[in-house]
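Here is a short tour of a protein model, written for someone who likes to keep the structure open while reading. Have a look at it first, and then we can walk through its charged pairs, its sheet and its cores.

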Amino acid sequence: MSNNISFSALGLDESLIQAVHEAGYQNPTLIQAKSIPMALTGRDLMASAQTGTGKTASFTLPILHRLAQMRASKAIRALVLVPTRELAIQVDHSFQTYGKHTAIKTTAVYGGVDIEEQLQVLQEGVDVLVATPGRLVDMINRKHIQLDSLRILVLDEADRMLDLGFHDDIQRIVQHAPAKRQNLLFSATFAKDIKQLAHEFMRHPVKVELENPDSAANTVSQSFYPVDQQDKPEILSYLIHGGRWQKVLVFVRTKKAANKVAELLAEDGINARAIHSDKSQYLRIRTLEDFKDNYFDVLVATDVAARGLDIEQLPLVINYDLPKVPRDYVHRIGRTGRAGQKGRAISLVNPEEKTLLAGIRQLIKKPLEIEPLPYFEDGEVRPAEIDAPVSKTRKRSKPDLKAGKPGIKHRSGNKSHNGSRKPAGTASKKKKRP
Ligand code: AMP
């Protein structure tokens, strides 16, 4: 995904280039190469950038550059609005990483954690604030936050913020900011509602639109398997065991389903945990860190909780169900194949979900055919031998897949303590938390 332009050619300060290189990045990604020079001019900019393209650095770097050139002050000069807590933490982290050789201070505020601690950090003075709209409105209402000195406003994943109903909160926040400021908007698409939002608060924005050569929809290999709803747990377990997959992100639509699927996988001897917005912020961060550090294999997540998850080298995403909103599909599969790496997405599609698949097809303009469930040999996926969709398997209480699912062949495997099949060697590699 990188191109031949260097970071120096973009006009960025030497201290930022040093930090970027220390982070291991040699060349800017396409969205960075296109957006950074524009953003450095101080003009408004709207960029269509899907997750995984390197979009975060497309605004963090020019913001750090511009702020470093302004007179130092203890007031908030840049504000980044993001849809979820996880993304807030992620974006804050990017500012810390790229700004480590500057004196710019950044912090993040989001709901679900103690507001007092966040206020204390703010009182010490920060240059950049990353915030979810709800928590920020709360702080503004309590007169804990002043945005009078704001020079740059960013709406990150603007499409998602609208999907989550943050339109009015964004408007309220913007009312507290000076009219003269730079606005940057990043969104997976420029749908009508996004254009309307841009019209409301931007001034003649420059548009940066990639032809999506890097988008997850193009770089991630995508498979769709036909499955009856009641068979999904068993098929999911079969795929994970069969492929000997050890770092899998599974998406489900609801919190209840997240808990249930993690439980069912655990019953089958798979080390799985759930993450969703009913879990405490502490638990969510801890679960994510444990997943990144390979303490368990399968993270079952809802769409909201998965926003902002940036897990390096995540090879596989499984959609246990298809999302209702087609845009969410792109965000989901964008969790793998980050920054040009190879990624794989598998979706389990029940007959009712075929209309959802049609919507996704339309959005990403790809044929996306349903194909028969594959079988495995030594953890390798083999194409299925028959065309017939898999249907009507036994009840999941006895997960013995050998019992004859059409087209499924079995690898040999050892048995876990509860009798379910587990490929040799999977459990032994797991780290134990000290
Ligand atoms: P984002 O789209 O901002 O969430 O970034 C996706 C991933 O790309 C993250 O893991 C970044 O750390 C990584 N990344 C950002 N910029 C670059 C770059 N220039 N070269 C390689 N990877 C990058």
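R332 and D303 form a salt bridge, with their closest N and O atoms 2.7 Å apart; the term stands for a side-chain nitrogen of Lys or Arg within 4 Å of a carboxyl oxygen of Asp or Glu. This pair links distant parts of the chain, with R332 in helix α15 (residues 326-333) and D303 in helix α14 (residues 303-306), 29 residues apart. Helices here are DSSP runs of H or I with at least four residues, strands are runs of E with at least two, and both are numbered from the N terminus.

R332 counts as buried at 1% relative accessibility, and D303 is buried too, with a relative accessible area of 12%. Buried means under 20% relative accessible area, exposed means over 50%, and partly exposed lies in between (1.4 Å probe, protein chains only).

Before going on, please note that this is a predicted model, in which local features need pLDDT of at least 70 and side-chain atom pairs count only at pLDDT 80 or more, while totals for chains, interfaces and linings use all residues. Residues are numbered from 1 along each chain as its sequence is written, and side-chain values use heavy atoms, with hydrogens and water left out.

## Other charged pairs

The whole structure holds 16 salt bridges. One of them joins D127 to R77, whose closest N and O atoms are 2.8 Å apart. D127 sits in the loop between α5 (115-123) and β4, and R77 in the loop between α3 and β2, so the pair ties together parts that are 50 residues apart in sequence. D127 counts as buried at 7% relative accessibility, and R77 counts as buried at 5%.

Elsewhere, K55, D156 and E157 are linked in a network of salt bridges.

## The parallel sheet

Seven strands make an open sheet with parallel pairing, in the order β3-β4-β2-β5-β6-β1-β7. Strands β3 (106-109) and β7 (206-209) stand at the edges with a single partner strand each, so one side of each has no neighbour in the sheet. From one strand to the next, the twist averages 15°.

Strand β1 (residues 45-48) pairs with β7 in the parallel sense over four bridges; two strands pair if DSSP finds at least two bridges between them. M46 has K207 in β7 as its bridge partner. Helix α4 (residues 85-98) lies across β2 (78-81), β3 and β4 (128-131), and runs at about 180° to β3. Such angles run from 0 to 180 degrees between N-to-C directions, with axes fitted to C-alpha atoms, for helices over the stretch in contact.

## Two nonpolar cores

A nonpolar core is a set of buried Ala, Val, Leu, Ile, Met, Phe, Trp, Tyr and Cys residues joined through side-chain atoms within 4.5 Å. The largest has 39 residues, and those with the most contacts inside it are L12, F59, L61, I63, V80 and F95. Helix α3 (residues 55-69) gives the most to this core, with six residues.

Not counting residues up to four places away in sequence, F59 touches V80, V91, F95, V154, D156, L184 and F186, where contact means heavy atoms within 4.5 Å. Apart from this core lies another, of 35 residues, including M46, I115, L162 and L185.
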